[in-house]
Amino acid sequence: ASPVKQDFIRQIVRDDLASGKHAAIKTRFPPEPNGYLHIGHVRAICTDFGIAEEFGGRCNLRFDDTNPAKEDPEYVQAIQDDVRWLGFDWHELRHASDYFEVFYLAAEKLIRQGDAFVCDLTAEQVREYRGTLTQPGRESPYRNRSVEENLDLFRRMRAGEFPDGARTLRAKIDMASGNINLRDPALYRIKHVPHQNTGDAWCIYPMYDFAHSLSDAIEGITHSLCTLEFEDHRPLYDWCVDKVDLAHHPELLKPLTDKGFPFEAAKPRQIEFSRLNINYTVMSKRKLMALVQDGLVDGWDDPRMPTLQGIRRRGYTPRALRLFVERLGLSKQNALIDFSVLENTLREDLDARAPRRMAVLDPIRMVLTNLPEDYEATLRFANHPKDASFGERDVPFAREVWIERDDFAEVPPKGFKRLIPGGEVRLRGAGIVRCDEVVKNGAGEVVELRCTLDLDSRPGLPGADRKVKGTIHWVSARHAVPAEVRLYERLFAVPDPDNDEGGKTYKDHLNPDSRRTVRGYVEPAAANAQPEQSFQFERLGYFVADRYDHRADAPVFNRSVTLRDGWTG
Ligand code: ATP
Ligand code: MG
Ligand code: MG
């Protein structure tokens, strides 16, 4: 069992359960379906779903779909897939738009209470009137309209009588508040735009703070967990919840009860935690969208993208991602996490879980001249050096094998331990070979090494323990399966791609070498992989069979991460 997690949010939950404030807790994960989820969202998902799970509570998946222009059912589907892939499931799937009628009734209630008014200022005027951090705002000239006039105008807004931007419904709070969010914030805007869930039913849409707080209240969310940038919105969140007071006004929920929608109004508490930021990447959905639209990457699921679809294709596992955010924990301090921390967590996971295979990515031919032409042997290899439960596999061996070009050096650099002319090296699991002859083509490139296998050094024979300095991997040329291997590096060349010094943007900081595709050879037991299966290719790194392109007869592997942190930036 993993140790009990300690952080300030779990402590609040523990206290609330101990004091009897809540008999059970309820949370929600509220993405806006305007893009794909990214690594940052993993922290929110693990927090919302994870805490509910740990404390025997429930967590809803709610699409915060109040901004129709940018939203799309494609994202709604992908977000569900991503949450499930991470290993979580929701209590109920909701859309904020399921509650549009309730929000509308709540807005009328605010108008009747004198807590909201219809304002005719333009967006630009509203900005002027708002004031600044050091200067109080000015009240709108429309602030003192009568309840009747406000109700009439608001109903006509809904009926579609006014063009986009002509009017807003605003909360009547305090134009002198030190918190700008409380200076009569907009609650509704006019937008003649069809909505991915409600179609043409509405031409007015609620603003985020109003919709979000009331959605939480409608669903009986006890702990509404979100990122720090919403800290300044909390007073407005509480204002909306308190002024509407759904818990004591069941008539506002009638549109839902009429449809048989279950609900359980409660007073939610918003708690903020820090965003997860990682260097060498960007994580705003807007910027990720631009990379896709400008063709700078191959799509949302490009293995270099920090989207969950992307890193999944790269070979990141849900276990590594969950471990990563779990170890970072939750706090109130924003911090920038080093990309290598993420990579090390993946290495750790794959080291324990990925079977070993052999592959040669930059091949040269080695001929073992003392073996008969038709020599063939089947060697038994352990699938994992540290875990016998992975079992063993057959690895075919024959007179000709592929080895890595850089495991041979005609003129060895200092300290070189692998094969040199006249020297010896061990072919992993097969025996010791001596290089007798180097064959070159007309251009002077090495194309073949003619070698002798020391027959006494084969596994199980008395000479098998003879010491040589190096051991290299190989694949039998006759049995090897040609494979496409995509070697990925970080998408950005600099730790802080958002740094805009010198008029540059993140698009100027892309790493030109972030993808290199090579043709290599893999042993048959690697070619046979299922899509998304991970391996350690010995001495090369961790690779995953591509989710979409891999086939046993035409293998495609993506490098997930190298064996060691070799990033030199
Ligand atoms: P972005 O700014 O990248 O577009 P967002 O915050 O607008 O992201 P939402 O879809 O609204 O994205 O996010 C859903 C939830 O995920 C929110 O509660 C949000 O606070 C949380 N979240 C988003 N990004 C991060 C992050 N980097 N770290 C932790 N939580 C995040
Ligand atoms: Mg958002
Ligand atoms: Mg956003």
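## Two annotated spans

Let us start with residues 266-349, where the end C-alpha atoms lie 41 Å apart and the chain is 45% helix and 13% strand. Helices here are DSSP runs of H or I with at least four residues, strands are runs of E with at least two, and both are numbered from the N terminus. This is a predicted model, in which local features need pLDDT of at least 70 and side-chain atom pairs count only at pLDDT 80 or more, while totals for chains, interfaces and linings use all residues. Residues are numbered from 1 along each chain as its sequence is written, and chains are lettered from A and ligands numbered from 1 in the order in which they are written.

Residues 266-349 belong to an annotation from an unreviewed UniProt entry, "domain: Glutamyl/glutaminyl-tRNA synthetase class Ib catalytic", which also covers residues 25-250. UniProt positions follow the numbering used here, feature names are shortened, and annotations may be inferred rather than shown by experiment. Over residues 25-250, the chain is 38% helix and 15% strand, with 21 Å between the end C-alpha atoms.

## Around the HIGH motif

The unreviewed UniProt entry also marks residues 31-41 as "short sequence motif: 'HIGH' region". This stretch is 27% helix and 0% strand, and its end C-alpha atoms are 9 Å apart.

P30 sits in the loop between β1 (26-29) and α2. Is P30 buried or exposed? P30 counts as buried because 24 C-beta neighbours lie inside 10 Å; the cut-offs are 20 or more other C-beta atoms within 10 Å for buried, 12 or fewer for exposed, and anything in between for partly exposed, with C-beta atoms placed from the backbone. Beyond its neighbours within four places in sequence, P30 is in contact with R62, D64 and H212, where contact means C-beta atoms, placed from the backbone, within 7 Å. P30 and A96 are 66 residues apart in sequence, yet their C-alpha atoms are 8.9 Å apart in space.

## The shell around ligand 1

Ligand 1 is surrounded by 14 residues, the closest being P31, G40, A44, T227 and K285; a residue is near the ligand if its C-beta atom, placed from the backbone, lies within 6 Å of it. Both α2 (39-54) and β8 (223-227) supply at least two residues of this shell, and the largest share, four residues, comes from α2.

By class, the shell divides into six nonpolar, four polar and four charged residues. Ala, Val, Leu, Ile, Met, Phe, Trp, Tyr, Cys and Pro count as nonpolar, Asp, Glu, Lys and Arg as charged, and the others, Gly among them, as polar. Domain 1 (8-273) and domain 2 (279-356 + 481-569) each give at least three residues to the shell.

## Nonpolar cores

In soluble globular proteins, nonpolar side chains tend to be buried together. The largest nonpolar core of this model has 83 residues, and those with the most contacts inside it are I45, A359, W474 and V475. Such a core is a set of buried Ala, Val, Leu, Ile, Met, Phe, Trp, Tyr and Cys residues joined through C-beta atoms within 7 Å. The biggest contributor to this core is α2, with eight residues.

Setting aside its neighbours within four places in sequence, I45 is in contact with F29, V83, L86 and F88. A second, separate core has 42 residues, including A106, I204, F210 and V244.

## Domains 2 and 3

The chain is assigned domain 1 (8-273), domain 2 (279-356 + 481-569) and domain 3 (359-473), with bounds from an automatic or database domain assignment. The centres of domain 2 and domain 3, taken over C-alpha atoms, are separated by 30 Å. Where the two touch, 15 residues of domain 2 are in contact with 15 residues of domain 3. On the domain 2 side, β24 (515-522) and α14 (524-527) each supply at least two residues, and β24 gives the most, with four residues. That side has ten nonpolar, one polar and four charged residues.

Residues 471-546 carry the annotation "domain: tRNA synthetases class I (E and Q) anti-codon binding", again from the unreviewed UniProt entry. This span is 5% helix and 38% strand, with end C-alpha atoms 29 Å apart.

## Two positive phi angles

D245 is a residue other than glycine with a positive phi, near 50°, and its place is in the loop between α8 (234-244) and α9 (254-258). With 16 C-beta neighbours inside 10 Å, D245 counts as partly exposed.

Y280 is not a glycine either, and its phi is positive at about 60°. Y280 is found in the loop between β10 (276-278) and α10 (285-293), and counts as buried because it has 22 C-beta neighbours inside 10 Å.
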